[in-house]
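Here's a guided walk through a protein model, written for someone who likes to know the cut-offs behind the words. Have the viewer open as you read.

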Amino acid sequence: MVNKNRGKLYLARLNDKSCYMIRTIFLVFFAVLFFSCGSDDNLNVEVVPPLLLGDVAIEDDAEIREFLQTHFYNYEEFQSPPAGFDFKIKIDTISGENQDKTPLIDQVSSAVINVSSSEFNLREEEEDIPHTYYYLSARDGINENPTVADSVFVRYEGTLLDGTAFDAALNNPVWFDLARIQGPLQGFRGFAEGVPNFKPGGATTGNPDGTVSVEEYGVGWMIFPSGLGSFNSPTGSIPAYSPLIFAVDLYTINTTDHDNDGIPSILEDIDGNGFLYDDNTDEEDELEAGFLPAVNFLDIDDDEDGTNTRDEIIIDGDGNITFPDTDGDGVPDYLDKDNS
């Protein structure tokens with residue numbers, strides 16, 4: 001944490017002559033500015049449109065694959081942990097004495113996520129552009145994988161391909177709502193998509209120094225293109241069009257019901273494509289009523305029939321959910337406005 005020293009700013013009182021001179025200088029400055037900008041011939045402002053999502057996806061993937069081919073991680077330490085090993089992933093270049101190391105490209109898995117230009121408010125319409133991300137589970141946890149709709153308790157570090165760190169929580173873990181991060185314009189969809197490939201650990205214990213310890217937590221690593229990041233928008237120390245890397249220690253998870261309607265958020269991914277923001281059963285009704293559309297996992301009345309979703313499902317004592325279909329049309333009541 002950076003300590004900021006508080007300083008005092010003393011303002012000197014200007015005499016009338018000084019104030020007159022300052023006012024004169026400002027008048028001259030704005031007059032020059034006005035006349036210099038008064039003609040279109042003097043305007044040389046060039047607006048550079050964003051690059052195409054499809055073009056950048058191809059370029060990013062080539063850059064990422066080159067990185068994976070020329071770098072390795074400390075897999076030997078994970079295979080045979082030395083005494084006191086901290087289970088931290090360390091990335092290095094394959095060269096010199098490391099020339100015989102196995103490159104990351106031979107150890108990672110990959111997945112493809114479709115991204116559309118509307119997710120970045122881009123003018124050019126591009127639909128379902130495939131973006132490949134790569135991930136590595138260096139150590140498996142002992143519990144079930146989270147979903148993209150869950151909250152996760154993690155330690156992490158985010159870096160650029162050149163090794164520059166742009167964000168981290170290395171001492172005390174933090175909670176992340178993956179569903180929120182997955183949303184348009186959040187800048188880290190790749191993180192939300194990548195973490196579910198890892199497994200959390202066991203019991204969590206608080207330490208006297210304020211840190212926590214977790215038994216057999218999962219250790220993972222991911223790398224993804226800028227289309228799964230902030231794309232053309234610079235964010236903090238992240239330049240535009242930057243592929244991103246995250247090393248993650250996954251401690252524990254919470255299954256989430258964001259709108260508290262009785263249905264876990266992951267079950268409100270109606271089309272089952274893993275993206276929570278394209279499932280809105282009552283979007284047309286909401287727009288017609290002048291409401292801001294709410295996707296199902298954030299909507300307490302998914303079919304806009306005036307009856308809350310929680311009152312159109314059945315939850316037994318063990319937490320099992322039943323979805324009644326009163327009129328037998330194949331659409332459960334909570335998604336069927338015609339059965340209100």
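**A walk through the model**

Let's start with a charged pair: arginine 189 and glutamate 193 bring their side chains together in a salt bridge, 3.0 Å from N to O. By salt bridge we mean a side-chain nitrogen of Lys or Arg within 4 Å of a carboxyl oxygen of Asp or Glu. Both arginine 189 and glutamate 193 sit in helix α5 (residues 189-194), four residues apart, about one turn of the helix. Arginine 189 is buried, and glutamate 193 is buried too. Here buried means under 20% relative accessible area, exposed means over 50%, and partly exposed is in between, with a 1.4 Å probe and protein chains only.

Some ground rules before going on. This is a predicted model, where local features need pLDDT of at least 70 and side-chain atom pairs count only at pLDDT 80 or more, while totals for chains, interfaces and linings use all residues. Residues are numbered from 1 along each chain as its sequence is written, and side-chain values use heavy atoms, with hydrogens and water left out.

Now zoom out. Of its 340 residues, 39% count as buried. Look at contacts (heavy atoms within 4.5 Å) between residues at least 6 apart in sequence, and 63% of them join residues at least 24 apart.

Next, find the open sheet of six strands, ordered β3-β4-β9-β10-β5-β6 with antiparallel pairing. Two strands count as paired if DSSP finds at least two bridges between them. At the edges stand β3 (109-115) and β6 (165-177); each has a single partner strand, so one side of each is left without a neighbour in the sheet. From one strand to the next, the twist averages 25 degrees. Between β3 and β4 (residues 129-139), which run antiparallel, there are seven bridges, and alanine 111 has tyrosine 133 in β4 as its bridge partner. Helix α2 (residues 53-70) lies across β3, β4, β9 (218-224) and β10 (244-254), at about 25 degrees to β4. For such angles, axes are lines fitted to C-alpha atoms, for helices over the stretch in contact, and values run from 0 to 180 degrees between N-to-C directions.

What sits in the loop between β3 and β4? Serine 116 is there, and with a relative accessible area of 6% it is buried. Its side chain makes a polar contact of 3.2 Å with the side chain of glutamate 127. A polar contact is a pair of N or O atoms within 3.5 Å; within protein, one must be able to donate a hydrogen and the other to accept it, and residues adjacent in sequence count only if both atoms are side-chain atoms. Setting aside neighbours within four places in sequence, serine 116 also has Leu53 among its contacts.

On to the greasy parts. A nonpolar core is a set of buried Ala, Val, Leu, Ile, Met, Phe, Trp, Tyr and Cys residues joined through side-chain atoms within 4.5 Å. The largest one has 33 residues, with Phe191, Met222 and Phe246 having the most contacts inside it. Its largest share, five residues, comes from β10. Apart from it lies another core, of 25 residues, including Val214 and Tyr251. Beyond its neighbours within four places in sequence, phenylalanine 246 touches residues including Tyr156, Phe191 and Met222.

Back to charges: the whole structure holds eight salt bridges. In one of them, glutamate 76 meets lysine 101, with the closest N and O atoms 2.7 Å apart. That pair links distant parts of the chain, from helix α3 (residues 75-79) to the loop between β2 (91-93) and β3, 25 residues apart. Glutamate 76 is partly exposed at 43% relative accessibility, whereas lysine 101 is buried at 18%. Lys88, Arg155 and Asp249 are linked in a salt-bridge network.

Last stop: aspartate 259, in the loop between β10 and α6 (283-288). Aspartate 259 is buried, with a relative accessible area of 8%. Its C-alpha atom is 6.2 Å from that of phenylalanine 297, although 38 residues separate them along the chain. The side chain of aspartate 259 also reaches the backbone nitrogen of aspartate 299, at 3.1 Å.

Terms used:
Helix = DSSP H or I, 4+ residues; strand = E, 2+ residues; numbered from the N terminus.
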